[in-house]
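Please take a moment with the sequence and the model before reading on. The paragraphs that follow move from the strands to the helices, the aromatic rings and the charged pairs.

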Amino acid sequence: ADTQSAFERFAAGNPHVSIDRRLWLTNALVVTVDTDRITLARLGMINHVERIHENYRISVNSATPASQPTSTPALSTAMQSWHRTSITQPPVSVIKSTTVTTDSGTAATTTSTERQFTNALKLIDVPTAWEEFENRGDGVRVAVLDTGVNPNHPDIDIRKKNWKCYTDCRTEGPHDVEGHGTHVSGTVVGGNSNDANLQIGVAPNATLMHAKVMNDTGNGRYGDFVAGMEWAVSNNADVISASLGDPGYNDAFIDPVRNAQSNGVMVVAAVGNGGNRTSSSPGNVYDATAVGSVDVEPGFPANWEFDLTDDRVSRFSGSEKIDSADWKETYNDTPDDWPASYIVPDLTAPGNVIWSADANIDTAT
């Protein structure tokens, strides 16, 4: 508040400058400036302004996978679509919703030994973890920052108070037109009430929070993303999941990641889809937990084969040895507690042809 006040006074007396968003997880203001009337150099002369940069773009891009089934089986209950983000989870298959009920008309519940898990969950030993630790995410609040979430899918449970929208807000409540955010949310908290009767989520008992920081075409801005992080921190999230970012080293992500972590919120971010010797921010910030992708045969339907080798690093998945000094080209005060070099990602998990929740039902438009 002390350091932003000088710019606030300047903007209050100038019609050619407006403050769009005040940030505190990193000490920044998002502003719109008529550069025909005021130069950026003039802004740099205001007290406490240390740096001016664009409101960086982050994106979720669509693409087609390199390999597809030679023939698509005729299915009336499941649909297949592909998403490739600039950061993670390409490509994906999604499951439509069909409510599964018992004879009494109530939602069916099963134990981990009775459930049918996706091959991806079996590869990372989710059934064993459930049995051994008797926990399915109980008591954990996970904030997914993405394109939104479809609350009408029976595998998705989210309360309006755990929803926040920053861009392309079509309704007051949760919604998702693009679909990527629903897919990611399903991977986090999804159940098995879908048309395939497959358990799709790692932690179905966790509390889902979702901030729509990406627009309906899968693109977003740095200011909205950081605002979403602030909302997560302020609302007692335990984990922030960020399947998005900006290719290369972008030091503007360093402070918000470190400050979220200092507030006790674990920041999990995708390392990127640029392949070997590449990475993306915020995943490549040392303090974040960077996640890469490995392949797994989806196993459903039985006649869909993708010629994938289980547990092999996906060819698109980013990975890189980073010299901390390389950040100094844009970040002169690289944190002293960073090592001289480090490797991303920190861990890998299935991220190629993954079954999860489908946003394409009863989505608010």
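The model is a predicted one, in which local features need pLDDT of at least 70 and side-chain atom pairs count only at pLDDT 80 or more, while totals for chains, interfaces and linings use all residues. Residues are numbered from 1 along each chain as its sequence is written, and side-chain values use heavy atoms, with hydrogens and water left out.

Five of the six residues of strand 9 (residues 207–212) are buried (under 20% relative accessible area, whereas exposed means over 50% and partly exposed in between, with a 1.4 Å probe and protein chains only), so strand 9 is largely enclosed by the rest of the structure.

A further set of parallel pairings involves strand 13. Strand 11 (residues 239–242) pairs with strand 13 (residues 266–270) over four bridges in the parallel sense, and S241 stands opposite V268 there. Strand 13 in turn pairs with strand 15 in the parallel sense over three bridges, where T289 of strand 15 is the bridge partner of V268.

Helix 5 has ten of its ten residues buried, so this helix is largely enclosed by the rest of the structure; among its buried residues are H180, H183 and V189. The loop between strand 7 (163–165) and helix 5 (180–189) holds H175, which counts as buried at 1% relative accessibility. The side chain of H175 makes a polar contact of 3.3 Å with the side chain of T171, a polar contact being a pair of N or O atoms within 3.5 Å in which, within protein, one must be able to donate a hydrogen and the other to accept it, and residues adjacent in sequence count only if both atoms are side-chain atoms.

How are the aromatic rings arranged? Rings of Phe, Tyr and Trp (its six-membered ring) pair if their centres lie within 6.5 Å, and planes under 30 degrees apart count as stacked, over 60 as edge-to-face and the rest as tilted. A search of the whole structure finds twelve aromatic pairs. In one of these, the rings of Y286 and W338 have centres 6.1 Å apart and planes at 55 degrees, so the pair is tilted. Y286 lies in the loop between strand 14 (280–281) and strand 15 (289–295) and W338 in the loop between strand 16 (320–323) and strand 17 (341–344), so the pair ties together parts that are 52 residues apart in sequence. Y286 is partly exposed at 36% relative accessible area, whereas W338 counts as buried at 7%. The rings of W327 and W338 have centres 5.8 Å apart and planes at 75 degrees, so that pair is edge-to-face. Y249, Y286, W327, W338 and Y342 form one aromatic cluster.

The charged pairs come last. A salt bridge is a side-chain nitrogen of Lys or Arg within 4 Å of a carboxyl oxygen of Asp or Glu, and by this rule the count comes to eight. One of them joins the side chains of E8 and R22 (2.8 Å, N to O); E8 lies in helix 1 (residues 5–12) and R22 in strand 1 (residues 17–23), so the pair ties together parts that are 14 residues apart in sequence. R170 forms a salt bridge with D216, the closest N and O atoms being 2.5 Å apart. R170 belongs to the loop between strand 7 and helix 5 and D216 to the loop between strand 9 and strand 10 (219–221), so parts 46 residues apart in sequence are tied together. R170 counts as partly exposed at 43% relative accessibility, while D216, at 13%, counts as buried.

Terms used: Helix = DSSP H or I, 4+ residues; strand = E, 2+ residues; numbered from the N terminus. Pairing = 2+ DSSP bridges.
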